Amino acid sequence: MQTITTNLVQNTIKRRPANSHKGDYGRVMLIGGNDQFGGAIIMAATAAVYSGAGLVTVATAPSNFASLHARLPEAMIVDYRATTTLLALLPKMDVVVIGPGLGTDVVAQGCLTAALSTLQAPQRLVIDGSALTLLAADPQALPDLPIVVTPHQMEWQRLSGIPIAEQTPAANQRAQQKLGVVAVVKAHHTTVYTDQQAWRNPGGTPAMATGGMGDTLAGMVGGFVAQFTDFTNAILSAVYLHSAIADDLARTRYVVLPTQISAALPAYMHRMSVAQD
Ligand SMILES: NC(=O)C1=CN([C@@H]2O[C@H](COP(=O)(O)OP(=O)(O)OC[C@H]3O[C@@H](n4cnc5c(N)ncnc54)[C@H](O)[C@@H]3O)[C@@H](O)[C@H]2O)[C@@H](O)CC1
Ligand SMILES: Nc1ncnc2c1ncn2[C@@H]1O[C@H](COP(=O)(O)OP(=O)(O)O)[C@@H](O)[C@H]1O
Ligand SMILES: [Mg+2]
């Protein structure tokens, strides 16, 4: 197993060319946030915007519109129940993140079906949270495009069938081979499995053990994958930076809030982008 290095992240987060515009940094749609879990999609969308995604659209329950607008005016919003609108928008996206706060009701199922049946390569898909629980309950063929799943250990147990106590690197790698997608297995030390190899995230702290921390990672992965060409390195960089920022903040804080990580992202990404000058 290889450890994700600062060097890999510095080589991934490049300086932006002067002559570029928002269209060059990715159109990202985040789908999630039911009446109960609006905060999850707000945190995920915040992470995507603060990661530098060029254009962010959120498909969510109407009960979240006002709070999302108030917290994150950079994001555009559509009703996640408006299937025709969703089906018209999905083909225009570079990246779709589905699952934070989505829930598992019939609307959620409809969103997942819409995404899985509409997206085509080279579009990329990030599957997190409730969407993983839905997939585990009703396994279905995944489309042939770059896909990353970001389960915590319980979601990984549901998806892979491997009990948490038996989630060894070898067992996780075998499950990844079966699924055929990149798997970010979140834990105290998160591990990432690709077709080629397994990676270990060196960072992470119990100060991160608070609701919304994974929703934030999902949004970061979406934002990174939208901007940085190499799919695997973009994912590894998001995983690394998410924990590295938390570790830094935790030096003087008992708990690190997900929104504090998003707020710190632009400064850390800047530091990474100029490190090799
Ligand atoms: N503010 C919000 O709106 C929040 C919404 N959330 C959303 O709520 C939905 C359900 O997700 P949950 O993860 O809460 O529920 P799940 O039922 O999927 O998983 C939580 C259970 O897994 C257990 N578990 C075991 N190992 C774990 C590990 N390594 N990391 C995390 N949990 C582990 C926990 O103790 C807990 O009992 C998701 O859509 C999620 O995005 C959560 O992110 C919490 C915050
Ligand atoms: N003790 C810990 N050590 C390191 N990282 C942790 C710890 N607890 C939680 N995390 C990280 O926080 C995130 C939690 O994700 P998740 O459980 O999906 O949160 P949520 O769904 O509430 O947003 C993961 O990235 C996980 O690695
Ligand atoms: Mg989660």
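Helix α9, residues 213-227, is largely enclosed by the rest of the structure, because 15 of its 15 residues are buried. A residue counts as buried if 20 or more other C-beta atoms lie within 10 Å of its own, as exposed if 12 or fewer do, and as partly exposed in between, with C-beta atoms placed from the backbone. Helices (H or I, at least four residues) and strands (E, at least two) are DSSP runs, numbered from the N terminus. The 15 residues of α9 should span 21 Å at 1.5 Å a residue, and its end C-alpha atoms are 22 Å apart, which agrees. The expected span is 1.5 Å times one less than the number of residues in the helix.

This is a predicted model, in which local features need pLDDT of at least 70 and side-chain atom pairs count only at pLDDT 80 or more, while totals for chains, interfaces and linings use all residues. Residues are numbered from 1 along each chain as its sequence is written, and chains are lettered from A and ligands numbered from 1 in the order in which they are written.

Helix α5 has 13 residues, which should span 18 Å at 1.5 Å a residue; its end C-alpha atoms are 18 Å apart, in agreement. Buried in α5 are Ala108, Cys111, Leu112, Ala114 and Ala115. They cover an arc of only 160 degrees around the axis, so they lie on the same side of α5; the arc is that of the directions from the helix axis to the C-beta atoms. The face turned away from this buried side carries the exposed residues Val106 and Ser117. Among the elements covering the buried residues of α5 are β2, β3, α4 and α6.

The axes of α5 (residues 106-118) and α6 (residues 129-137) come within 10 Å and cross at roughly 85 degrees. That makes α5 roughly perpendicular to α6, a term for angles of 65 to 115 degrees. Axes are lines fitted to C-alpha atoms, for helices over the stretch in contact, and angles run from 0 to 180 degrees between N-to-C directions. Ala108, Gln109 and Leu112 of α5 make the contact with Ser130, Ala131 and Leu134 of α6. Two residues are in contact if their C-beta atoms, placed from the backbone, lie within 7 Å.

Pro122 is in the loop between α5 and β6. The peptide bond from Ala121 to Pro122 is cis, with omega near 10 degrees.

Val9 is found in helix α1. The C-alpha atoms of Val9 and Asn233 are separated by 7.5 Å, though the two are 224 residues apart along the chain.

Conventions. Angles under 35 degrees count as roughly parallel, over 145 as roughly antiparallel, 65 to 115 as roughly perpendicular and the rest as oblique.
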